[in-house]
Amino acid sequence: MDSEMDSGMDKLKDLFSSGLVVANLGSDVFSDAIRTQDGTSFQVKWEIPCRGDEKLFSALELLRSREIDTSIEQANSRAVDILNESHPYIVGVGKAIDDIPGMADNLILHAGPPVTWDAMCGPMKGAVMGALIYEGFARSEKEAAELAASGRICFEPCHHHGTVGPMAGVVSPSMPVWIIENKTHGRKAYCTLNEGLGKVLRYGAFSEEVIARLKWMEATLAPLLREAIEIGGEIDLRTLIAQALQMGDEGHNRNRAGTSLLIRELAPAVVRSGASDADKAEVLSFMHSNDHFFLNLTMPAGKSCLDAIAGIEGCTVLTAMARNGTEFGIRVSMLPDRWFTAPAPRVDGLYLGGFTEEDANPDIGDSTICGTYGIGGFAMAAAPAIVEFVGGSPADALRFTLNMYEISAGESSSFRIPALGFRGTPTGIDVVKVVEKGIVPAVNTGIAHKDPGIGQVGAGLVEPPMSVFEDAFEAVYEHFKTRMKEEP
Amino acid sequence: MRHITLKASTYRDSVALMRISKKASGLEGVSYVMVAMATDTNLDLLKEAGFEPAEFAGAKANDLLIALELETDSVLDEAVDLIEKEIEGGPAPSGAEAYEAAMGLDATLKSHQDINLVLISLPGRYAAYEARKALEAGKHVMIFSDNVTVEDEKQLKLFAGERGLLVMGPDCGTAIINGIGLGFANEVPRGDIGMVAASGTGAQEVSSILARCHEMGISQMIGTGGRDVSREVGGVMVKMGLRALIDDAATRAIVVVSKHPDREIADEIIEVARRGKKPCIIHFTGQADIRSEANLTFTRTLAGTAFEAARGAGKQVEGFTGFDEDAMAALLAAARKMPPGRKYVRGLFSGGTLAQEAVFLLSDGIKDIHTNLKIGDFPGLDDPGESVGHTIVDLGDDTFTRGRAHPMIDQAYRLVRLQRELDDPETAVILLDVVLGHGCHEAPGVEIAEALMTALSGGEEPGKAREPGDRPLVIASICGTRGDPQNYANERRALEAAGVYVAEHNEGLCELALAALEGRRDG
Amino acid sequence: MTIDAQMASSSVLSRLGRKSRSGKVHSSFTRTVNILCQDMTWICLHPPGVPMHPFCIRVKAEPEMGECFLKVLWSEPATVSRNAIDLGGRLTISLEQAREWNCDLDPSASGETSLQALDTIDTILKEALIDSVFLRAVAGNGPAATANSAMAGGTDPVGDGEGAGSTEKAGGAVVGGLQAVLAARIGCAVDLMETAWRLRCIEPVLRGVKQLVGLGIGLTPSGDDFLIGFIGAAYFFAHGDDFRKSVFEGMRPLVHRTNLPSFFMLKAALKGCYPGPLSDFLHAIETGSSDGVRSAAKCLTGLGATSGQDMLAGVLSWLHVSSTCGAADAAHYA
């Protein structure tokens with residue numbers, strides 16, 4: 001008893017013997033009063049937890065009760081450790097049907113949570129039809145639409161197959177795919193090769209030029225890249241992403257530095273490959289002309305790491321945020337089999353010439369995997385150049401990232417932000433914190449035209465629907481409630 | 001279509017606002033733009049013009065309001081964009097300060113590791129929640145808020161006790177740590193008297209008398225909240241604070257101030273103090289029956305506590321009266337002149353402990369004091385809003401503060417009540433406490449003085465002015481120091497100018513009141 | 001960096017003692033830094049060119065003044081004493097050499113206002129570009145118009161009917177639109193105040209005031225500026241009038257219904273302290289020379305965006321009150 005009290009007195013002795021430094025929560029009158037007495041007080045921003053929702057707050061109080069809170073804390077910090085230990089490499093270029101687990105001849109993968117043909121949005125339908133034409137299953141738009149609706153084609157989310165896809169994210173059996181391996185945990189992830197900007201399949205365009213480009217990618221680009229990696233060896237993606245972040249990328253909407261770094265890695269091997277000079281030149285200039293070539297590598301890099309934290313008991317960190325253009329969905333580590341979804345939100349953004357908000361499709365794509373992984377929107381502060389593109393200032397970029405620390409379980413040990421004194425990016429979105437603080441993850445994204453066949457019309461910011469986080473939060477709460485009953 | 005944009009706490013100079021509004025009105029399809037401050041009047045105007053009240057719910061007078069009326073909806077984004085850009089174009093908080101201002105508790109604690117105390121004034125339920133987080137981060141906590149449940153308080157204090165952390169509060173109005181006043185604290189010099197207080201105004205009264213009358217200072221003043229000494233909470237923090245001060249080399253004498261503790265808890269507190277050997281002056285309001293011993297002195301009044309504390313810390317002090325002899329003489333003369341119908345005392349207190357002390361001290365001379373304080377056998381008030389016979393009300397009680405600021409900050413209700421007592425032909429003496437210090441009303445005494453002068457001159461109906469002799473006596477005490485942000489001398493002068501008899505402290509106030517009533521009977 | 005103050009309002013100086021007080025920067029603009037001290041002392045720093053007012057401290061012109069003011073961060077701590085004002089440790093305003101500017105309006109006027117002054121003001125209005133809804137309401141378009149124009153000799157003070165056109169647009173193009181509601185509200189409130197004052201009924205005057213405090217556009221809402229003009233004219237021309245005193249008394253608790261900068265200006269106005277151009281204008285009307293009124297009016301209308309115009313409207317409104325006798329039914333307002 002006495003020794004316990006003695007140790008107690010230390011904390012008070014410390015208080016009495018050092019300067020008083022106060023964090024003030026509530027009326028700033030008190031902060032002001034402390035400052036007028038030459039004391040130090042930091043006024044803390046406070047908002048009503050759970051946006052004032054009584055029911056959620058009651059649940060939060062339970063989750064924050066000591067025992068549960070500790071177990072969540074432990075599980076989440078383990079998840080952050082796993083993410084930080086993860087080390088993704090490019091290990092090769094393969095073909096969807098040969099490499100993606102569970103891929104089938106009549107299976108089309110798509111972005112986001114599960115969706116049926118009927119419920120698919122315009123660009124998603126466009127991309128599916130394009131893929132069917134590309135595969136030779138259909139010759140025209142009409143045939144493709146009929147086939148898609150016939151039930152003979154199956155649709156499943158990329159996420160169920162270790163795969164991610166930007167925008168529509170459509171993957172069909174003969175498409176070439178990057179193969180990424182998280183060497184620390186032996187997890188593989190896959191993603192198609194980036195087609196470039198403008199009219200492209202991922203935005204739902206399927207004109208002849210789109211199909212022709214896909215064919216060229218299959219016939220020329222993919223084999224050459226495969227050979228180049230065989231010659232040059234596996235490429236350390238974690239280091240590339242980390243470097244790109246120091247060079248003004250955030251890995252989602254800006255990939256100019258990453259693409260350049262990748263070309264630097266690949267170029268010698270491309271030159272040493274057996275392909276014709278014309279092909280080599282075309283491949284190099286194709287990559288060069290497409291600033292987003294690297295996006296299709298940051299995404300599966302994130303996927304290969306996040307899959308390693310799926311299914312940790314008591315872990316409330318997100319393993320995926322994804323949109324199929326109809327719905328926005330998230331998955332939580334401790335509830336690995338569930339999607340929590342809500343209608344996909346509209347994107348608040350800037351439009352390419354001639355297009356307006358009227359033309360925009362709701363938010364779409366798996367690329368939010370970047371934010372989930374601690375880059376993308378979470379690393380905005382590293383990429384002041386892109387905020388302009390979404391109508392903000394460099395200060396906004398810093399604010400975006402700083403805000404995300406509030407809802408993250410930890411910080412990245414690899415990805416660091418120069419403007420924040422090389423602080424690690426906020427990593428591991430904690431769904432409990434999201435609901436507690438009422439802050440949704442920052443997402444920046446491209447905007448697809450709502451009709452099939454047109455392509456990209458703009459880019460901007462998206463506010464994910466709070467309800468998906470609230471639903472997940474309630475499921476987490478139910479889980480712990482049940483657990484408490486089981487272990488009295 | 002109509003659209004509203006609100007910018008919280010935004011000021012731009014009028015020329016800039018006009019420019020913004022002109023620019024936006026110039027857009028094709030915009031029929032009217034109003035850029036204005038969100039005053040109640042303007043919000044009413046919006047309602048009248050058919051804007052949806054939900055769109056501007058919660059707006060305050062310092063928020064900037066932009067109301068748009070559009071002929072074509074499509075121009076909305078353009079107009080809002082333009083306006084936002086124009087507004088943002090002005091000065092925005094820049095640099096590190098802006099980011100710091102945007103940080104929540106977790107982030108603030110993380111980026112300022114040297115923070116050692118978290119001060120919380122939030123709605124009760126959330127106060128407990130955030131306090132728990134602060135304790136888990138290893139920080140001492142002061143909870144100014146009330147409405148925290150006993151269960152929460154107990155849990156927080158047990159948790160903190162195990163870790164040697166302070167939980168001051170809930171409902172802890174004041175504390176002084178390392179010379180810095182927290183909450184409603186008076187400007188008191190540093191010195192060698194340590195205090196543990198389960199009562200806010202009690203602590204303010206003792207510390208400011210020490211500073212103002214005895215020129216003594218405070219080493220630390222640890223607040224605990226009044227409920228700490230209840231059986232449920234068990235005096236955890238009073239005992240802990242006491243131990244800390246016993247250990248503290250900078251503290252020579254210790255004061256414990258508390259409203260009526262649970263008997264068992266009182267014994268425990270006394271036991272800790274006894275073992276501590278340092279001179280310890282203990283004041284349990286309303287419990288005068290404990291005998292002093294060795295290093296322990298028990299006091300009956302707050303002023304007496306301050307006196308004993310000064311002596312305990314080695315200062316040679318003479319006893320001093322709580323009022324000026326001239327004031328007493330004038331008071332008695334005026335009391336004799338009062339018509340016989342005036343016979344009751346009415347105390348309108350903003351400080352709970354001061355009200356309580358007044359009830360106990362006055363009960364020496366008068367019977368049947370009605371009060372809304374739940375103490376002893378004193379009769380209650382069916383309606384605390386109505387005085388009955390002799391009445392002492394604590395205006396800081398929940399019934400009065402629900403939805404309203406505490407009377408130490410906002411005296412609106414006290415002034416209404418004051419008017420009513422002045423108008424009551426049975427009122428003989430009105431008692432007021434004027435509490436100064438950080439966080440308190442910026443000039444409570446001046447405000448009371450203005451109200452009294454207006455009232456006594458007949459206010460809006462000059463015909464109502466009474467005969468000079470036919471008015472109640474007003475007695476006030478000022479709880480504060482000369483260093484307080486309010487001007488002590490000025491407060492006192494204003495009150496005296498308005499005909500108020502000003503006592504040195506609450507005890508003096510009670511003595512004057514009793515004397516005035518005696519004087520009435522004699523006359 | 002240290003800048004010298006050239007001139008400081010007497011009401012600010014009288015509040016500053018030797019002991020320094022702390023406060024914080026309430027807001028800062030290119031030509032203004034507002035400081036709020038903990039004891040509710042309100043101080044506004046301005047460069048030369050901004051007219052003096054009851055809270056004004058005028059600092060010496062420095063190159064890049066605007067930049068310098070804008071560097072003062074909002075909410076940053078300020079320390080204020082009789083000698084100097086320190087802003088966040090980076091900018092200091094020395095008060096050592098500041099001359100005192102007396103902000104008290106000397107109410108020694110005769111109480112007689114000349115109709116000639118009203119005529120001059122009419123002419124000025126004809127020439128002026130009117131931005132203020134208040135001025136329109138008072139000058140000839142509000143419900144108060146009939147009484148006003150009768151008093152002013154039946155002329156439409158704006159002359160070209162431009163004002164009338166806009167009200168119609170407001171009322172017509174957007175039915176029940178914000179502008180129309182605003183104009184109507186101003187009209188009613190001003191009408192109520194004017195008539196009730198004439199009838200010397202205190203309660204409806206205060207009702208009118210209540211409708212005007214915090215009403216309308218601008219950092220200091222137009223309604224407040226109007227009231228300052230009205231209060232100023234009443235204080236000046238009807239200083240000894242007990243009714244005026246009671247109205248001022250009754251207004252005191254109403255002025256908090258607005259934002260801080262405006263609240264302080266209203267509070268000062270009730271105490272008899274006004275912006276320089278307003279005091280000058282009132283003196284000019286008293287003297288009655290048409291050139292004098294003209295140049296003073298020009299000075300006044302140059303204040304803020306519409307603030308000066310709104311104050312002018314307030315003065316005008318009070319002149320209407322004082323130069324006509326009420327014809328309305330007293331019972332209606334009681």
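Student: Let's start with Ala23(A): which residue in strand 4 of chain B does Ala23(A) stand opposite?

Tutor: That's Val118(B). Keep in mind that this is a predicted model. Val118(B) belongs to strand 4 of chain B, and strand 1 of chain A, residues 21-26, is joined to that strand by five bridges.

Student: And how do strand 1 of chain A and strand 4 of chain B run, parallel or antiparallel?

Tutor: They run parallel.

Student: OK, zooming out on that contact. How many residues does each of chain A and chain B put in?

Tutor: Chain A gives 39 residues and chain B gives 42.

Student: Which helices and strands of chain B supply at least two residues each to the side that touches chain A?

Tutor: On the helix side there's helix 4 (95-101), helix 5 (105-111), helix 6 (124-136) and helix 9 (236-247) of chain B. Strand 4 (117-121) and strand 8 (180-183) of chain B do it too.

Student: How do the residues on that side of chain B divide into nonpolar, polar and charged?

Tutor: You get 21 nonpolar, 13 polar and eight charged on the side of chain B that touches chain A.

Student: Switching to chain A by itself. How many helices and strands does its secondary structure come to?

Tutor: Chain A comes to 17 helices and 17 strands. Of its 488 residues, 56% count as buried. If you take contacts in chain A between residues at least 6 apart in sequence, 72% join residues at least 24 apart.

Student: Which residues point which way from strand 10 of chain A?

Tutor: Glu327(A), Gly329(A) and Arg331(A) point one way. Phe328(A), Ile330(A) and Val332(A) point the other way, and all of these residues are buried.

Student: Which strands does it pair with?

Tutor: One partner is strand 9 of chain A, residues 318-324, which pairs with strand 10 in the antiparallel sense over five bridges. In that pairing Met321(A) has Ile330(A) as its bridge partner. Strand 11 of chain A, residues 335-343, is also joined to strand 10 by five bridges, and those two run antiparallel. There, Val332(A) is partnered with Leu335(A).

Student: How many residues sit between strand 9 and strand 10 of chain A in their hairpin?

Tutor: Two, and Gly325(A) in the turn has a positive phi of about 90 degrees. Strand 10 and strand 11 of chain A also form a hairpin with two residues between them.

Student: What about the open sheet in chain A, in what order do its four strands come?

Tutor: The order is 7-6-3-8, with antiparallel pairing. Strand 7 (187-192) and strand 8 (235-236) of chain A are at the edges with a single partner strand each, so one side of each has no neighbour in the sheet.

Student: And how many bridges are there between strand 3 and strand 6 of chain A?

Tutor: Seven, linking strand 3 (residues 88-95) to strand 6 (residues 176-182) in the antiparallel sense. Tyr89(A), for example, has Glu181(A) in strand 6 as its bridge partner.

Student: Helices now. At what angle do helix 6 and helix 7 of chain A pack?

Tutor: About 105 degrees, with the axes 9 Å apart. That makes helix 6 of chain A roughly perpendicular to helix 7 of chain A.

Student: Which residues make the contact?

Tutor: Helix 6 of chain A uses Val128(A), Met129(A), Leu132(A) and Ile133(A). Helix 7 of chain A uses Glu141(A), Ala144(A), Ala145(A), Leu147(A) and Ala148(A). By type, that contact divides into eight nonpolar, no polar and one charged.

Student: Last one, chain C. Is strand 2 there mostly covered or mostly uncovered?

Tutor: Mostly covered: seven of the eight residues in strand 2 of chain C, residues 21-28, are buried. Strand 2 and strand 3 of chain C form a hairpin with four residues between them, and Lys24(C) has Leu36(C) as its bridge partner.

Terms used:
Residues numbered from 1 in each chain as written. Chains lettered and ligands numbered in written order. Predicted model: local features only at pLDDT ≥ 70, side-chain atom pairs only at ≥ 80, totals over all residues. Buried ≥ 20, exposed ≤ 12 C-beta atoms within 10 Å, placed from the backbone. Pairing = 2+ DSSP bridges. Contact = placed C-beta atoms within 7 Å. Nonpolar A, V, L, I, M, F, W, Y, C, P; charged D, E, K, R; others polar. Axes fitted to C-alpha atoms, helices over the stretch in contact; angles between N-to-C directions. Parallel < 35°, antiparallel > 145°, perpendicular 65-115°, else oblique.
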